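I opened my notebook and went through this one piece by piece. Here are my entries, in the order I looked things up.

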Amino acid sequence: MPGKHILIVDDEIGIRELLSEILQDEGYDIKLAENAEQARLWRNQTRPDLVLLDIWMPDCDGVSLLKEWANNGQLTMPVVMMSGHGTIETAVEATRIGAIDYLEKPIGLQKLLTTVSRAIKTGVGHTGSELSLASLGKGNAVQELKRQLDLVQPLKTPILLLGEPGVGFESCARFLHHSNTPFVAPEQIERALDAPADLLQQANNGVLFLREVGRLGARAQQGLLQVLAKLEKFNIRLVCATCRPLVELTQDRNFDPGLFAAISVLQIPVPSLKAHREDVPDLAHQILDRLVEEKKVPTRRFSVAALNALRNHDWPGNLEQLRNLVATLAMTSISDEIGVNEVNRLLAPYAMQQTLGCGEALDLPLREARDIFERHYFEHHIKLENGNMSRVAEKVGLERTHLYRKLKQLGIRFSKRVAEDA
């Protein structure tokens, strides 16, 4: 594909020059790196359309660099490993980390051109939709999730992923997927299960991922039972997910108990974002950097205070909510730096909903429920305006004397000195 940018990383000058000459003749724009340090510099500056990465290099091997990019959220482009004699097993292992293919040296001309063309086509349009499991964080909760998935990875037993909405079920399913094999994840599961034979053919020798199986109707359940009966014949790894609590699911008379037993032999809980909130700043950076790389938003950065606000939020919508919020902030920010006030304004409705909707406030008498809302409302605006009561009064539409009286009635403390100086 003429005009596409390819980064070649190899410590042997002869191989770099040969590959460069061949691919330039095909119309590709080529960048060269003789070691991992130079490759990092190129990757930090831009996102290439493809990386050809040698496994053995003097400063850092290619597999370690691949893992580094995956952990940093920078594995957003297709990578093809290049391996010499005796390193094919390592190259195959690299495909599980995130490489999409490998080339064995010496590299034939037609094999090179075919692999490069296919890799670039594969990489188009698949860089921003779903975070890889390796980029979900480094906290204890995520490390435990990775440990469990590593243990079950060699097995063919169906897996049931459990967790809250938006926790990243698809990232877990893709972790269990091998490159160059089908990954089938139908958007309309009920319709897909109406034709189980077609679904089996599509997922043959690959992974079949079903996002929410906990609310399937009777017909779809029968379709899934037919799929289960032929998993071994078609060599398919079935990964199901549900947000329904297991107790609720097992007590649901409309859900086939035999089906539940078949899909839940291996149960793996996926942690909520709240359970590893220490990862939120890094995740926010990853999402923002990816949007900038894809030229969907101008160059942006978060202030330290903004990142702290993101980390302290409870994230009821988990990763999906974080992705949407970062995208909104990046598109609506009036400056290059996204500040804490912008973050707090977008998080305010979630915080209020959590206060009134997720606790016991809705079961209280109206006066008590209203006091809870008003207390949260005024505390939010005082925090947003850093205690400047003049601005708070203006924002909430009250005279300052009326505001002070209201705060005293609600038992909200505020600095009189700040109030008088404002």
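This is a predicted model: local features need pLDDT of at least 70, side-chain atom pairs count only at pLDDT 80 or more; totals for chains, interfaces and linings use all residues.

I started with E12, which is partly exposed at a relative accessible area of 42%. My scale: buried is under 20% relative accessible area, exposed is over 50%, and partly exposed is in between (1.4 Å probe, protein chains only). E12 sits in the loop between β1 (5–9) and α1 (13–25). Helices here are DSSP runs of H or I with at least four residues, strands are E runs of at least two, and both are numbered from the N terminus.

Residues are numbered from 1 along each chain as its sequence is written, and side-chain values use heavy atoms, with hydrogens and water left out.

Next, the backbone. I found a cis peptide bond between K105 and P106, with omega about -5°. P106 is in the loop between β5 (101–104) and α5 (109–123).

Then I looked up positive phi angles. N205 has one of about 65° although it isn't a glycine, and N205 lies in the loop between α9 (196–202) and β8 (207–210). W315 isn't a glycine either, and its phi is about 55°. Is W315 buried or exposed? W315 is buried, at 0% relative accessible area, whereas N205 is partly exposed at 42%.

On to the inside. A nonpolar core is a set of buried Ala, Val, Leu, Ile, Met, Phe, Trp, Tyr and Cys residues joined through side-chain atoms within 4.5 Å. The largest one has 27 residues, and L208, L224 and I263 have the most contacts inside it. α10 gives the largest share of this core, 4 residues.

Last, salt bridges: a side-chain nitrogen of Lys or Arg within 4 Å of a carboxyl oxygen of Asp or Glu. How many does the whole structure have? The search finds 18. In one of them, R40 and E68 meet at 2.7 Å, N to O. This pair links distant parts of the chain, with R40 in helix α2 (residues 36–45) and E68 in helix α3 (residues 62–71), 28 residues apart. R244 and D252 also pair up, at 2.9 Å, and R244 is buried at 8%. I also jotted down a network of salt bridges linking E170, R174, E187 and R211.
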